[in-house]
Amino acid sequence: MDNKLLSITQLAKLRKVTSETLRYYDRIGLIKPDYVDPKNNYRYYSILQYEKLGTIKELRQLGMSIENISNYFEDRNLKKSIEAFSKYQELLKNEISQKTKLEKVINQKIDFLNQLSQLPPINIITQHIFPDRYIITFDEPTGGANELAFAVTNLEWNLNEIAPIVATDRIGVYCNESILNESKEYIPSCPFIFIKKNDNVESYLKKVVPGGMYLTMYYQGEELEKYDKSFELIKSYMNEHNLCLNGCIYQIFKVDVTLTSNPKETILEIQVPVKSINP
C-alpha cells in the first residue's frame, strides 16, 4: 500500500468532518476511497481526494444539496461550473424571498400574541367604531363544533396565504339577535374568516361587514354559536344607553385551541352593531 495515502480517520480529522460522513459519501458514490485494504476493508484516500472533499465541504457550507454536488462533479468544465453556480444562485434567491415572506408572517403573529397580554378585562363592554371590514363566508349557518370546523376548513382552502389561521383572530361566526337570548342549544350561525379588501378570493365568497358603532366584549368561552351568561350585560347596556341592534352579531375566536390547551385561557369576543333609538 502507498504510504502517502491517508486513512479515513486522518482525512476526516484534516477536513474536520466525521468518518461516518466519508462512509456515506462512499456509499452514494460521491467520493470513493483510492484504496481499500482487502484484508480488513480499511479505506484510504489520496491527497487529491483531500482537495475534492474540501470542495464538497465548501459547497455544502453554501447550502448546495448532495444531489446538486454530485451533478457538479460530472464532466466539469468552466462553463458548466458557471452555470451550476448561477442556477444555484437563482434557487437561493427564491429561497431567501420565501424566507423573508415567512419572517414577515411570523413577526405579525408575534405582534398579535404580544397584544393578547394587553386585552381589556373580560366581561367589560366598550364602544368601538369599526370601518368596513371584509370576510369570506358561505353565508350558510352551521350548528355545532364539527360542522363549524368543516366549514372553516373549506373556507381556509380558498386562502392563498402562509399559515393564515394559527395565532390570529380571523375566525368567527355571525348570527341574529338569537345569540343574546338564553339557550343551551347551538344558535345557527354562519362561519367566516376575515380577509383584506384586496385579497384574491372568489367574489361570491367575499362579503362586507358594515362599519359603524359596535359594542365589544371579551368573555371566557370555548365554543362559538353558544349563548353566554355575560351577554346579559350587553342587553342591559343597550337598554341603559338607549341603543338597539343594527345588524348581524359577530362572535370571534381571540385565544383558541391553536394557542392553548387550557380551557381557562380561551377567550372569545362578541361584537354587536348598535345605533341610537330615536326618542
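Is Lys-235 buried, exposed or partly exposed? Lys-235 is partly exposed, at a relative accessible area of 23%. Buried here means under 20% relative accessible area, exposed over 50%, and partly exposed in between (1.4 Å probe, protein chains only). The model is predicted: local features need pLDDT of at least 70, side-chain atom pairs count only at pLDDT 80 or more, and totals for chains, interfaces and linings use all residues. Residues are numbered from 1 along each chain as its sequence is written, and side-chain values use heavy atoms, with hydrogens and water left out.

Lys-235 forms a salt bridge with Glu-232, with 3.1 Å between the closest N and O atoms. A salt bridge is a side-chain nitrogen of Lys or Arg within 4 Å of a carboxyl oxygen of Asp or Glu. Both residues lie in helix 7 (residues 231-240). They are three residues apart, about one turn of the helix. Helices (H or I, at least four residues) and strands (E, at least two) are DSSP runs, numbered from the N terminus. Glu-232 is partly exposed, at 33% relative accessible area.

A second salt bridge pairs Lys-254 with Glu-269, the closest N and O atoms being 4.0 Å apart. Lys-254 lies in strand 11 and Glu-269 in strand 12 (residues 267-276), so the pair ties together parts that are 15 residues apart in sequence. Lys-254 is buried, with a relative accessible area of 10%. Glu-269 is also buried, at 5%. By the stated rule, the count comes to 11 salt bridges. Glu-20, Arg-23 and Arg-27 are linked in a network of such bridges.

Arg-170 takes part in another salt bridge, with Glu-161, at 2.8 Å from N to O. Arg-170 is found in the loop between helix 6 (145-156) and strand 6 (171-175). Arg-170 is buried, at 15% relative accessible area, whereas Glu-161 is partly exposed, at 34%. The side chain of Arg-170 also reaches two backbone oxygens. One belongs to Phe-194, at 2.8 Å. The other belongs to Pro-164, at 3.3 Å. Each is a polar contact (a pair of N or O atoms within 3.5 Å; within protein, one must be able to donate a hydrogen and the other to accept it, and residues adjacent in sequence count only if both atoms are side-chain atoms). Contact in general means heavy atoms within 4.5 Å. Beyond its neighbours within four places in sequence, Arg-170 is in contact with residues including Leu-159, Phe-192, Ile-193 and Ile-195. Arg-170 and Ile-195 are 25 residues apart along the chain, and their C-alpha atoms are separated by 7.7 Å.

Gln-251 sits in strand 11 (residues 249-255). Gln-251 is buried, with a relative accessible area of 0%. Its side chain reaches the backbone oxygen of Lys-226 at 3.2 Å. Residues up to four places away in sequence set aside, Gln-251 touches several others, among them Ile-171, Val-173, Phe-192, Tyr-219, Phe-231 and Glu-269.

Tyr-214 is found in strand 9 (residues 212-220). Tyr-214 is buried, at 3% relative accessibility. Its side chain reaches the backbone oxygen of Pro-210 at 2.6 Å. With residues up to four places away not counted, the residues touched by Tyr-214 include His-128, Phe-130, Arg-133, Tyr-250 and Gln-271. Leu-159 is 55 residues from Tyr-214 in sequence and 27 Å from it in space, C-alpha to C-alpha.

A search of the whole structure finds zero disulfides. A disulfide is a pair of cysteine sulfur atoms within 2.5 Å. The sulfur of Cys-175 has its closest cysteine sulfur in Cys-248, at 7.8 Å, too far for a bond. The sulfur of Cys-190 also has its closest cysteine sulfur in Cys-248, at 7.7 Å, again too far for a bond. Cys-175 is buried, at 6% relative accessibility. Cys-190 is buried as well, at 8%.

Leu-102, Ile-106, Ile-110 and Ile-162 form a nonpolar patch on the surface. Together they have about 300 Å² of accessible area. Patches are made of residues with over 30% relative accessible area and no salt bridge; like charges are joined within 9 Å, and nonpolar side chains (Val, Leu, Ile, Met, Phe, Trp, Tyr) within 5 Å. Accessible areas come from the Shrake-Rupley method with a 1.4 Å probe; for residues, only the protein chains shown count as cover. Leu-102 lies in helix 5 (residues 78-116) and is partly exposed, at 32% relative accessibility.
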